[in-house]
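Reader: I have a structure open beside me and would like to learn how to read it. Could you walk me through it feature by feature?

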Amino acid sequence: MNTDISKSTNSSGDNKKINSEKRAYAVVLYGATSFVGQITAHYLAEFLSANKDKSGSEINWAIAGRDQEKLNELQSNLTSKVDIIIANSDDPASLDAMTEQTQVIISTVGPYLKYGEPLIKSCVDNGTDYVDLTGEAIFIKDMMDKYQEAAKQSGARIVNSCGFDSIPSDLGVYFTQKQAEAKFDSACDVIHMRVKAAKGGLSGGTIASMATIFEEVGQDKSRRKQVANPYLLNDDKNAPNVRQSNVSKPEYDSEHKRWLAPFVMASINTRIVHRSNQLLGYEYGREFKYDEAMWMKDGLKGKLTSYALSAGLLGFATAMMITPSRELLSKHVLPKSGSGPSKEEQENGYFDIRLFGQTANKDSITTKVTGDKDPGYGSTSRMLSQAALCLAQDISKEEVKGGFWTPASAMGDKLLARLEKHAGLSFDVIDS
């Protein structure tokens, strides 16, 4: 079945709460023919055909995008039946026709700073829930500023960063704090996240998103100030102003006897974690401190690796902020849009992160979050899918109302359970 409807029945001026629970589709995957979109489509097809709804029927879903031919090809390769919806970010009426039909939209169409707003607006207008995998904190900030109040009115739950950016960090901190509360009757006021190991690749889409952010930052000083603000996504009037540590250069971790290097995703993950703290009523405390870094080995080899990685990240960021070098790298060096790690690389990938928490009374707890697939694609497709299904099936509009949320604040324990059961993730308390 193909659906191509060009009319919209709701306008941005309509502030009535909209009932989206009786729609044709539980989930629509928009951007289904992108690199990560195709991986997500195959996962959803297999998962949904094996998991019926409460009545025993298959869950209705659809793939969407602008290219009929590519969608037809993807449809023919999926293991279960799925409808096609034609929609384009340049055609607001087509987006409205799509969002009116579904409970939850999954968006894999980036860079979000360039292409993301029209879909956010349509979801907000039509009371449709939304998840994406953006790592672009300034995009989230822009959308919150423009659409937060309208989302509250329409009942649309907007949950950004539902992939490796930033579910392992966000749910990892949430899990750690729950365990600390149970064990010590107190939340941790400090948590250090360390990437112990990860194996995976980058796609052209990820590179394009990074290039867009660096372009914005390079051209606009106010954007640089935003990116530097650890509380960028805290929109309450009395947001904390605690000085947050930031591993931006090689450091030695004497406690664990390892060198540290900057973690490229810390700039989005830390912002999401601090917003979760706000949305959870500052359960982690208003003095909560959080940072992320990559673990290197001890000794000279670890030191050299840390310095090399730090220099490489700095050089890459600098080059991407300058137009000629950015264009040169994008054209001749970096992966092209639509490319990415092979299926074998996705299957053989993994990640292992550790979270070291300490309460104000100096009680310590260590947890780990692991994934059994390539973090950016194999695992991300599963996390993104389960977040969408969690919103559609597990979290009522009465439990979580409209507005901009984070994975932990919107879905918490229910998403944790889904990720462990269906997405290959594990959350555990460990001794060290």
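Author: Taken over C-alpha atoms, the centres of domain 1 and domain 2 are separated by 24 Å. The domain bounds come from an automatic or database domain assignment. Domain 1 covers 25–164 + 379–425, and domain 2 covers 167–374 + 426–431. A word on the source: this is a predicted model, in which local features need pLDDT of at least 70, side-chain atom pairs count only at pLDDT 80 or more, and totals for chains, interfaces and linings use all residues. Residues are numbered from 1 along each chain as its sequence is written, and side-chain values use heavy atoms, with hydrogens and water left out.

Reader: How many residues does each domain bring to the contact?

Author: Contact means heavy atoms within 4.5 Å. By that rule, 38 residues come from domain 1 and 42 residues from domain 2.

Reader: And how much area do domain 1 and domain 2 bury between them?

Author: Buried area is the accessible area (1.4 Å probe) that two parts lose on being put together, summed over both. Here that is about 3,500 Å², with 69% of it on carbon and sulfur atoms. On the domain 1 side, Phe35, Ile138 and Phe164 supply 21% of the area buried against domain 2, more than any other three residues.

Reader: What about polar contacts between domain 1 and domain 2; how many residue pairs are there?

Author: A polar contact is a pair of N or O atoms within 3.5 Å; within protein, one must be able to donate a hydrogen and the other to accept it, and residues adjacent in sequence count only if both atoms are side-chain atoms. Between domain 1 and domain 2, eleven residue pairs are in polar contact, both residues at pLDDT 80 or more.

Reader: Which elements supply at least two residues each to the side of domain 1 that touches domain 2?

Author: Helices (H or I, at least four residues) and strands (E, at least two) are DSSP runs, numbered from the N terminus. The elements are α1 (35–50), α4 (112–115), α6 (137–154), α14 (375–393), β14 (403–405) and α15 (407–422). Of these, α15 gives the most, with nine residues. By class, this side of domain 1 has 20 nonpolar, eleven polar and seven charged residues. For those classes, Ala, Val, Leu, Ile, Met, Phe, Trp, Tyr, Cys and Pro count as nonpolar, Asp, Glu, Lys and Arg as charged, and the others, Gly among them, as polar.

Reader: Now salt bridges: how many does the rule find across the interface of domain 1 and domain 2?

Author: Side chains of opposite charge can pair when their charged atoms come close. The rule asks for a side-chain nitrogen of Lys or Arg within 4 Å of a carboxyl oxygen of Asp or Glu. It finds one across the interface of domain 1 and domain 2, and the structure holds 15 salt bridges.

Reader: I keep clicking on Arg223. Where does Arg223 sit, and is it buried or exposed?

Author: Arg223 is in helix α9 (residues 221–228). Buried means under 20% relative accessible area, exposed over 50%, and partly exposed in between (1.4 Å probe, protein chains only). Arg223 has 11%, so it counts as buried. Leaving aside neighbours within four places in sequence, Arg223 is in contact with Leu113, Ile138, Asp142, Glu216 and Val217.

Reader: Which side chains does Arg223 meet in salt bridges?

Author: Arg223 meets Asp142 at 2.6 Å, N to O, and Glu216 at 2.9 Å, N to O. Glu216 is partly exposed, at 27% relative accessibility. A polar contact of 2.8 Å also joins the side chains of Arg223 and Gln226.

Reader: What parts does the salt bridge of Arg194 and Asp291 tie together?

Author: The side chains of Arg194 and Asp291 meet at 2.7 Å, N to O. Arg194 lies in strand β8 (residues 188–199) and Asp291 in strand β11 (residues 289–295), so the pair ties together parts 97 residues apart in sequence. Arg194 is buried, with a relative accessible area of 7%, and Asp291 is buried too, at 4%.

Reader: Last one: why is helix α3 described as largely enclosed?

Author: Six of the eight residues of helix α3 (residues 92–99) are buried, so the rest of the structure largely encloses it. The buried ones are Ser94, Leu95, Asp96, Ala97, Met98 and Thr99. Their cover includes β2 (25–30), β3 (61–65), β4 (83–86), β5 (102–107) and α5 (117–125).
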